[in-house]
Amino acid sequence: MSDNDRQMNGQPRPNSILDQLELPPARKDKQRLMRLRTTWRESWEEGGFLYQRWEEVFQARHGGWHEVANWIKAAALFGGISLIVLMLDAAGDIASTTLKGLSAVPASSGGDGSGLWGTVDHPVRVFLADQAAHLAVTPAALYAFWQLTGLLGLVGGFFGNAGARIAWLLFGIGSLAMIWSAAPVGGRAAATGLAALMWALASMFALRGLTLQPIVHNHPPQYQFNPALHLHATIPAPTPAGDDLDPDNVHPLQR
């Protein structure tokens, strides 16, 4: 019996490491890591998977939407939709918190209606107090929301926001309607006219830069067409000296 066939603990001794059924765990992990490194390096070589994806991302910066790869479009749409959902959720939480804060505002004094501002402000307070009696909200919350709307419309309109300017117009129209409804009958016209003048003066800032004239943008045409008429005239070639004879008559042609 040779040395290779000797028994070890009742089991035949393997001839070499290739005769083992399984490799040691350390060597298996090393081979797996080497395969991962090789795959990673090959994917970044020209023609590899990651190399092609990077080229598509690089080309997307200079191409149009129809020229972008489909996976980039899908990622952009998914990211945009997720951002919109997050913004709507945050906006809903902010609006809910603001309304709860306005509802918790304690009732304020209605004022005596004296002075120019009191002439405009007191009818608004009275109107909102009368309407709040039929609603599940306090008069102070309605008045605070009315003030907040006017402030946002004024500031946003000053910076040219179209939505803020629309809110400012609705704020002014609603304020005039409330003043006309709640002002004393004898001074209703004067109170409403005074409010209209104040609103017009404030609109100089809220509607800054707004014009009723249409804005015409004159852009030079991308392709300029220059019509031109081309006449093609054919000049006959000079007649050779030997062609002065009539083909039907050998005599020279009479000149």
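Biologist: How many aromatic pairs does the count come to in this structure?

Modeller: A pair of aromatic rings is described by the distance of the centres and the angle of the planes. Here rings of Phe, Tyr and Trp (its six-membered ring) pair if their centres lie within 6.5 Å, and planes under 30 degrees apart count as stacked, over 60 as edge-to-face and the rest as tilted. By this rule there are 5 aromatic pairs. The Trp 40 and Trp 44 rings are edge-to-face, because their centres are 5.9 Å apart and their planes stand at 70 degrees. This is a predicted model, in which local features need pLDDT of at least 70 and side-chain atom pairs count only at pLDDT 80 or more, while totals for chains, interfaces and linings use all residues. Residues are numbered from 1 along each chain as its sequence is written, and side-chain values use heavy atoms, with hydrogens and water left out.

Biologist: Is Trp 40 buried or exposed?

Modeller: Buried means under 20% relative accessible area, exposed over 50%, and partly exposed in between (1.4 Å probe, protein chains only). Trp 40 has 54% relative accessibility, so it counts as exposed, whereas Trp 44, at 38%, is partly exposed.

Biologist: Which residues have the most contacts inside the largest nonpolar core?

Modeller: In soluble globular proteins, nonpolar side chains tend to be buried together. A nonpolar core is a set of buried Ala, Val, Leu, Ile, Met, Phe, Trp, Tyr and Cys residues joined through side-chain atoms within 4.5 Å. The largest one here has 14 residues, and Val 124, Leu 128, Trp 146, Met 178, Ile 179 and Ala 195 have the most contacts inside it. Trp 146 also belongs to an aromatic cluster with Tyr 143, Trp 168 and Phe 171.
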